[in-house]
Structures are given as C-alpha cells and as structure tokens.
Amino acid sequence: MEILIISGLSGAGKSKAASFLEDMGFYIVDNMPAAMILKFAEFCVGGRGRYDRVALVYDVRTASSFTELFEVLDRLKSMGDQCRMLFLEATPETIIKRYKETRRLHPLRSTSASLTDAVSREREMMQKVRDRADHVIDTSHLSTAQLRGELLRLFGEAGEQGGMSVNITSFGYKHGLPLDADLVFDVRFMPNPFYIESLRNQTGLDRGVADYVFSFQQTRDFLDKLKDLLAFSLPLYAEEGKTVLVIAVGCTGGHHRSVAITHALTEYIRGLGYPVTESHRDMNRGI
C-alpha cells in the first residue's frame with residue numbers, strides 16, 4: 001500500500017494538489033488527525049485493493065503534536081508500507097496575495113495581529129514538518145499545469161502520459177454534435193458504405209465495412225495525417241493540464257465511416273501510451 005501525507009503552508013496549494021492526486025488514482029482524506037492514521041491504514045489494508053494508494057492531507061488545522069505524526073510515519077515505514085510526505089510551500093508574499101484574492105480567512109488569523117503575522121507564525125510552526133518531508137514543492141511561480149506535471153513526475157505510475165486520458169466517440173451528424181467534444185473530425189467526405197446493399201446493415205466494427213472504408217487512398221491519407229496531428233497535439237494538451245480529452249468523429253448516421261475511423265484511432269492512441277476509451281453514440285440507432 002502507498003500512503004502519501006500532503007502537508008504544507010496554508011495557501012500553498014494543498015487542496016489543488018489533492019485534486020490532482022485524486023485524478024491520478026489516490027484516495028484522498030482531508031484533515032485527518034495523526035492519531036487516526038494508523039487505524040485508517042489498517043482499514044485500507046482490508047479494502048481488497050480499493051485503497052492501495054491513499055493521500056492524507058495534514059496541516060496546521062490538524063496539528064496538535066508533530067511528534068505524534070513523526071511516530072506514525074516511522075511506524076508505517078517499519079510495517080513495510082511505502083509512506084512518503086509531500087510539503088507544499090510558497091513565499092510569504094505569494095501566500096498573502098492569494099489570501100487577499102480569495103478573501104478566505106487564514107487558519108491562524110483569529111489569533112494573530114495581522115495576516116502577515118499569521119503567515120509568519122505558521123511557517124515557524126510547520127518547519128519541523130518541512131524538515132521531515134520527502135518532497136518539497138515551492139508553488140510560488142508554478143502554474144496549475146506545472147504543479148500537476150510535477151506531481152505526475154513524483155507520484156505518477158509507469159505508463160501514464162501526462163495523466164491525461166482520451167475518450168473517442170463516433171456519432172452521426174443527423175443526431176447532433178456531442179456536447180462534450182473537445183475535437184471534432186468530419187469524415188462525411190469518405191465513400192459511404194450505406195449505398196452498398198451488402199454493407200448497409202453492418203457497422204464500422206464489421207470487417208467488410210472497415211475493409212471498404214480503408215480501401216480508398218483518401219481514407220488512408222486522412223488517417224495518416226490525423227495520426228500526425230494527434231501525436232503532436234496530445235502531449236501539449238497533457239502539458240497544459242487537461243485530464244480528459246474527448247475526440248468525436250462524425251459521419252452522416254454514425255454507423256459506418258465514423259465507427260471504422262474511431263476504432264482505428266483508438267488503437268493508435270493506445271499505442272502512444274494514453275489510457276483511452278472507445279464508444280459509438282449512434283451506432284445502434286436505426287438506419
């Protein structure tokens with residue numbers, strides 16, 4: 001089991017980091033006292049794989065005794081669990097600016113003379129935690145996408161391509177565009193199997209229809225150019241911070257050409273190393 005403790009300064013991006021880690025497959029628990037971590041770890045072990053990757057947010061709201069947290073960390077490591085701590089920080093100026101922009105109340109503000117004093121006190125209080133951290137990230141000058149990329153580098157599993165998954169769906173234009181599509185490709189220029197009597201009641205997943213669609217040079221050329229475009233653009237979408245990219249391929253009815261192209265694209269993108277799902281929105285509608 002992998003346990004990650006997310007700690008750091010208020011306003012440094014712990015909540016945002018937790019959201020990204022959740023997208024990467026971690027089970028997130030916020031504001032858990034150190035005394036409960038061992039019990040929770042025992043519960044996770046009995047979860048039959050459901051809680052193999054757990055991230056616990058621990059900050060100044062939870063901290064009553066850092067000694068207790070450090071003892072828990074040592075105990076978990078001695079039990080053979082992979083246990084790491086991530087500490088997020090930012091410059092005082094950056095944190096103060098973020099609190100002013102969001103108009104949220106700093107956790108120590110009610111017992112401090114000013115926001116500046118609260119930020120300074122917390123930094124002193126959390127120094128011992130920072131010293132025990134396995135990874136420290138300064139978010140002062142990181143964009144959202146850069147923070148996500150850094151987390152993926154540190155905690156992503158082998159084979160993850162920027163943490164982005166790709167959903168590809170075929171559709172029929174006569175039934176309307178998919179509302180959630182990021183990229184839409186129109187393949188109505190290709191010869192239509194609908195006009196071949198023996199193929200009309202088949203779909204693009206049937207060998208006969210696929211062979212017909214790809215028997216034309218224009219189809220093969222289009223697919224080659226589309227592959228080049230996606231090989232170039234998918235890493236850029238991932239770098240920008242996109243977690244799910246939806247690609248829609250449309251023909252007139254959504255039964256033949258778009259289905260065959262979608263299926264071929266799915267195999268290609270899977271070969272690039274991205275998690276990919278394939279669906280055919282209108283394939284089973286009446287012709």
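Which residues lie nearest the centre of the largest pocket? They are Gly11, Ala12, Gly13, Lys14 and Ser15, out of 25 lining residues.

Before I go on, a word on the model. It is a predicted model: local features need pLDDT of at least 70, side-chain atom pairs count only at pLDDT 80 or more, and totals for chains, interfaces and linings use all residues. Residues are numbered from 1 along each chain as its sequence is written, and side-chain values use heavy atoms, with hydrogens and water left out.

Back to the pocket. On a 1 Å grid over the protein atoms alone, a pocket is an open set of points with protein on both sides within 12 Å along at least five of seven lines. A cavity is a set of points where a 1.4 Å probe fits but cannot get out. Lining residues have an atom within 4 Å of a point. Grid points are joined across faces, edges and corners, and a volume is the space filled by probe spheres set on the points.

The largest pocket has a volume of about 580 Å³. Helix H1 (14–23) gives the most to its lining, four residues. Strand E2 (27–30), H4 and helix H7 (144–155) each supply at least two. Helices (H or I, at least four residues) and strands (E, at least two) are DSSP runs, numbered from the N terminus. By class, the lining has ten nonpolar, eight polar and seven charged residues. Here Ala, Val, Leu, Ile, Met, Phe, Trp, Tyr, Cys and Pro count as nonpolar, Asp, Glu, Lys and Arg as charged, and the others, Gly among them, as polar.

The second largest pocket holds about 150 Å³. Twelve residues line it, and Asn192, Phe194, Thr252, Gly253 and His255 lie nearest its centre.

Strand E4 (82–89) gives the most, three residues. Three lining residues are nonpolar, none is polar, and four are charged.

Next, the cores. A nonpolar core is a set of buried Ala, Val, Leu, Ile, Met, Phe, Trp, Tyr and Cys residues joined through side-chain atoms within 4.5 Å. Buried means under 20% relative accessible area, exposed over 50%, partly exposed in between, with a 1.4 Å probe and protein chains only. The largest core has 54 residues, and Ile6, Leu56, Leu151 and Phe155 have the most contacts inside it. Helix H3 (residues 66–78) brings the largest share, six residues. A second, separate core has 27 residues, including Phe185, Ile247, Ile261 and Leu265.

Take Leu56. Contact means heavy atoms within 4.5 Å. Beyond its neighbours within four places in sequence, Leu56 touches Ile3, Leu4, Ile5, Ile6, Val29, Met32, Ile37 and Phe40.

On to helix H4 (residues 92–102). Thr94, Ile95, Ile96 and Tyr99 are buried there. The buried residues of H4 pack against helix H5 (115–125). Just after H4, Arg103 has a positive phi of about 60°.

Last, the cysteines. Cys44 counts as buried, at 3% relative accessibility. Cys251 is buried too, at 3%.
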